[in-house]
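Hi,

Here is the structure I said I would pass on.

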Amino acid sequence: MTQWEYATVPLIVHATKQILDQWGEDGWELVQVVPGPDGTNLVAYLKRPKSA
């Protein structure tokens with residue numbers, strides 16, 4: 001069974017693609033993007049398999 005690790009990442013609107021591309025290069029998969037606590041910024045939820 002796959003074990004997962006998770007990360008939450010604040011997204012800067014003018015750099016969203018660069019931020020997500022960087023995390024993707026490190027093996028992270030985007031799960032969801034939701035509004036942040038203040039309602040204006042975005043937060044990305046990511047996951048990747050845990051290394052053994």
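Let me start with charge: the 4 positive and 6 negative charges of the protein chain have mean positions 6 Å apart. For that count, Lys and Arg are positive and Asp and Glu negative, with His and the chain ends not counted; each charge is placed at NZ of Lys, CZ of Arg, CG of Asp or CD of Glu.

Before you read on, note that this is a predicted model, where local features need pLDDT of at least 70 and side-chain atom pairs count only at pLDDT 80 or more, while totals for chains, interfaces and linings use all residues. Residues are numbered from 1 along each chain as its sequence is written, and side-chain values use heavy atoms, with hydrogens and water left out.

The overall picture

Helices (H or I, at least four residues) and strands (E, at least two) are DSSP runs, numbered from the N terminus. The C-alpha trace spans about 35 × 20 × 10 Å along its principal axes. Of the 52 residues, 19% count as buried, where buried means under 20% relative accessible area, exposed over 50%, and partly exposed in between (1.4 Å probe, protein chains only).

Salt bridges

How many salt bridges does the structure hold? There are two, a salt bridge being a side-chain nitrogen of Lys or Arg within 4 Å of a carboxyl oxygen of Asp or Glu. One joins R48 to E5, with the closest N and O atoms 2.8 Å apart. This pair links distant parts of the chain, since R48 sits in strand 3 (residues 42-49) and E5 in strand 1 (residues 4-11), 43 residues apart. R48 is partly exposed, at 24% relative accessibility, and E5 is partly exposed with a relative accessible area of 24%.

K17 pairs with D21, and here the closest N and O atoms are 2.5 Å apart. K17 and D21 are separated by about one helical turn, because they are four residues apart in helix 1 (residues 16-25). K17 counts as exposed because its relative accessibility is 58%, whereas D21, at 36%, counts as partly exposed.

Two buried residues

A7 lies in strand 1 and is buried because its relative accessible area is 14%. Leaving out residues up to four places away in sequence, A7 touches W23, W28, A44, Y45 and L46; contact means heavy atoms within 4.5 Å. A7 and R48 are 41 residues apart in sequence, yet 8.9 Å apart in space, C-alpha to C-alpha.

V43 is in strand 3 and also counts as buried, at 16% relative accessibility. Beyond its neighbours within four places in sequence, V43 has contacts that include T8, V9, P10 and Q32. V33 is another of the contacts of V43, and the two are ten residues apart in sequence and 5.6 Å apart in space, C-alpha to C-alpha.

A nonpolar patch

Which residues form a nonpolar patch on the surface? L30, V33 and L42 do, with about 210 Å² of accessible area together. Patches are made of residues with over 30% relative accessible area and no salt bridge, with like charges joined within 9 Å and nonpolar side chains (Val, Leu, Ile, Met, Phe, Trp, Tyr) within 5 Å. L30 belongs to strand 2 (residues 29-35) and is partly exposed, at 40% relative accessibility.

Cheers

Note on methods:
Areas by Shrake-Rupley, 256 points an atom, 1.4 Å probe, with all protein chains shown as cover.
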